[in-house]
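This report goes through one protein model, residue by residue and contact by contact. Please keep the sequence and the structure in view while reading.

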Amino acid sequence: MGQAWRTLSVVSLASVLTGLGGSSMNVALPEIARHTGADATAAGWILLGFQLTTTVLMVVLGRLADLFGRRRMYLLGLGIYTFAALLAGFSPNAWVIVALRVVQAAGAAMLLTNSAALVSDAFPRERLGEGMGVYVASFSIAGLIGPTLGGFLAESLGWRWVFWFNVPMGVVCLVWGALVLRGPAPGDRDRGLDLPGSLLVLVTLGGLLLALSEFTRLGWSHPVVVSGLVAAVAGLPLFLVRERRAAHPVVDLGLFRDRAFAFGTLASFLNAVARMGMVFLVALYFQAVRGEDPVQSGLKVLPLAVAAMTASVVSGFLQRLLTARTLAVGGAAATTCGLLVMLAVMSTDVPYPAVALGLVLIGLGSGVFLPSNTTAILDGLPSDRLGIVNAMRLMLQNTGNVVGTALVLSILTAPLPAALHQQVFAGTLGRLSGGAVEQLVTGYRYALAAMAAISVLTVLACLARRRAT
């Protein structure tokens, strides 16, 4: 158990590092957009480019980790993430930031793919729930600190420090990981690497996510969107045929014949779509609608992170009383209730206690659902399959993140004229006429209604998984 907790300390510290990078960016994005002159497209791609790249590389890197060792892949990911953050702080414009965020995303994919697998490998089954709860809580700690930190750095020290604060943390984590993580021998079976299958994953998934991310801005007939859809439609059947025939498939399609696994990964996807972007949505609401500064906005999203952190830690101990599958149902239901509360109270002058109540419910639900669902999916798997199965779970979850972000951003700005979209992302819409603000609030209602409906589907998927089990 001593080695298990040391391994968990490395994984949790790295998770705080990457989580801080994302949550601080959500609040600091309007400040970055103003100082770099980013239009709505560049501002959106600072977020979407990172998520898309992480998702597309997930399965391939999970397979490589199973073959060549999780320790090596994890430390390499830490190095890439930290170095890219250093360079991003020197960026001359928004599109250079987008490019370096893509590089950062490659490092983050190496970390995310291996984190839960390292925890699952280190902890015995009867204590896995505790380890997974602390691991997921580390993201909540980042969510707790990140919004306030991002707002403070952007306003007080300048937007470049939103990237540079990652560097000392990354170096400390890299040194501690090199000292603590063990280097287990790579798995003896399935030593081959399916290069054609890996390439088809990149083309198919990348094309689909690109089209979903850009169709609301460019329209369905734009060459970029059409090319993405063509790549997805043409690549999917080729990928399925290849994986059925490959001696060493990059994705084990046979896993989806297990209904419990299939419904569990579906629940991960739907939950990600439903809750993704809540920190960004709420922080942007207080800046664009209420005209508040980034620090005030960051402080007002803290209830979500506090609730999620508390629930994540407690969920591991609750698994001694209830099954992980039962807890996942309860977590998804709590998230749904929180979204419905946010939808019911949304207006230009909603009282903050009502917003805080919705955020707490969403945080409690997410904090219980994520570790419980992950434990239910990874429980009992052999060590040499943890990497690829966890990568498949994360691929679907991150695909949900990208779909959720694209869905929220497109629905949110749909009631507004295209000329005002940049003012939304810059957080300056509140300085314009009240009519524009009312239109944005209407967009918020549409977005929250869509998220609540998808969260209901998450609950149904969790219930179906319980019956299948």
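What pLDDT does the protein chain average, and what share of the residues score at least 70? The average is 81, and 90% of the residues reach a score of at least 70. Here pLDDT is the predictor's confidence in each residue, from 0 to 100.

## Model and confidence

This is a predicted model, in which local features need pLDDT of at least 70, side-chain atom pairs count only at pLDDT 80 or more, and totals for chains, interfaces and linings use all residues. Residues are numbered from 1 along each chain as its sequence is written, and side-chain values use heavy atoms, with hydrogens and water left out.

The pLDDT is below 50 over residues 185–189. Beyond near neighbours in sequence, that stretch has 10 contacts in the model, a contact being heavy atoms within 4.5 Å.

Helix α3 covers residues 70–88, and Ile 80 is placed in it. Helices are DSSP runs (H or I, at least four residues), numbered from the N terminus. Ile 80 counts as partly exposed because its relative accessibility is 25%. The classes are: buried under 20% relative accessible area, exposed over 50%, and partly exposed in between (1.4 Å probe, protein chains only). Not counting residues up to four places away in sequence, Ile 80 touches Val 103, Gly 107 and Met 110. Ile 80 and Met 395 are 315 residues apart in sequence, and their C-alpha atoms are 20 Å apart in space.

Leu 86 is also found in helix α3. With a relative accessible area of 31%, Leu 86 is partly exposed. Together with Phe 83, Leu 87 and Phe 90, Leu 86 makes a nonpolar surface patch of about 390 Å². Patches are made of residues with over 30% relative accessible area and no salt bridge; like charges are joined within 9 Å, and nonpolar side chains (Val, Leu, Ile, Met, Phe, Trp, Tyr) within 5 Å. The accessible areas come from the Shrake-Rupley method with a 1.4 Å probe, and for residues only the protein chains shown count as cover.

## The salt bridge

How many salt bridges does the rule give? The count is one salt bridge, defined as a side-chain nitrogen of Lys or Arg within 4 Å of a carboxyl oxygen of Asp or Glu. The partners are Arg 34 and Glu 31, at 2.4 Å from N to O.

Arg 34 and Glu 31 are separated by about one helical turn, because they are three residues apart in helix α1 (residues 2–36). Is Glu 31 buried or exposed? Glu 31 counts as buried, at 11% relative accessibility, whereas Arg 34 is partly exposed, at 35%.

## Cysteines

The count of disulfides comes to zero, a disulfide being a pair of cysteine sulfur atoms within 2.5 Å. Cys 337 is in no disulfide, and the nearest cysteine sulfur, that of Cys 462, is 14 Å away. Cys 337 counts as partly exposed, at 42% relative accessibility, while Cys 173 is buried, at 0%.

Arg 275 lies in helix α10, which spans residues 259–275. A relative accessible area of 17% is why Arg 275 is classed as buried. Leaving aside neighbours within four places in sequence, Arg 275 is in contact with Thr 335, Ser 366, Leu 370, Gln 397 and Met 451. Arg 275 and Thr 54 are 221 residues apart in sequence and 18 Å apart in space, C-alpha to C-alpha.

Ala 356 belongs to helix α15 (residues 352–378). This alanine is buried, with a relative accessible area of 14%. The C-alpha atoms of Ala 356 and Pro 303 are separated by 6.2 Å, and the two residues are 53 residues apart along the chain.

Where is Leu 253? Leu 253 lies in the loop between α9 (223–245) and α10. At 25% relative accessibility, Leu 253 counts as partly exposed. Apart from neighbours within four places in sequence, Leu 253 has contacts with Leu 240, Glu 243 and Arg 244. Leu 253 and Pro 294 are 41 residues apart along the chain, with 45 Å between their C-alpha atoms.

Notes: Helix = DSSP H or I, 4+ residues; strand = E, 2+ residues; numbered from the N terminus.
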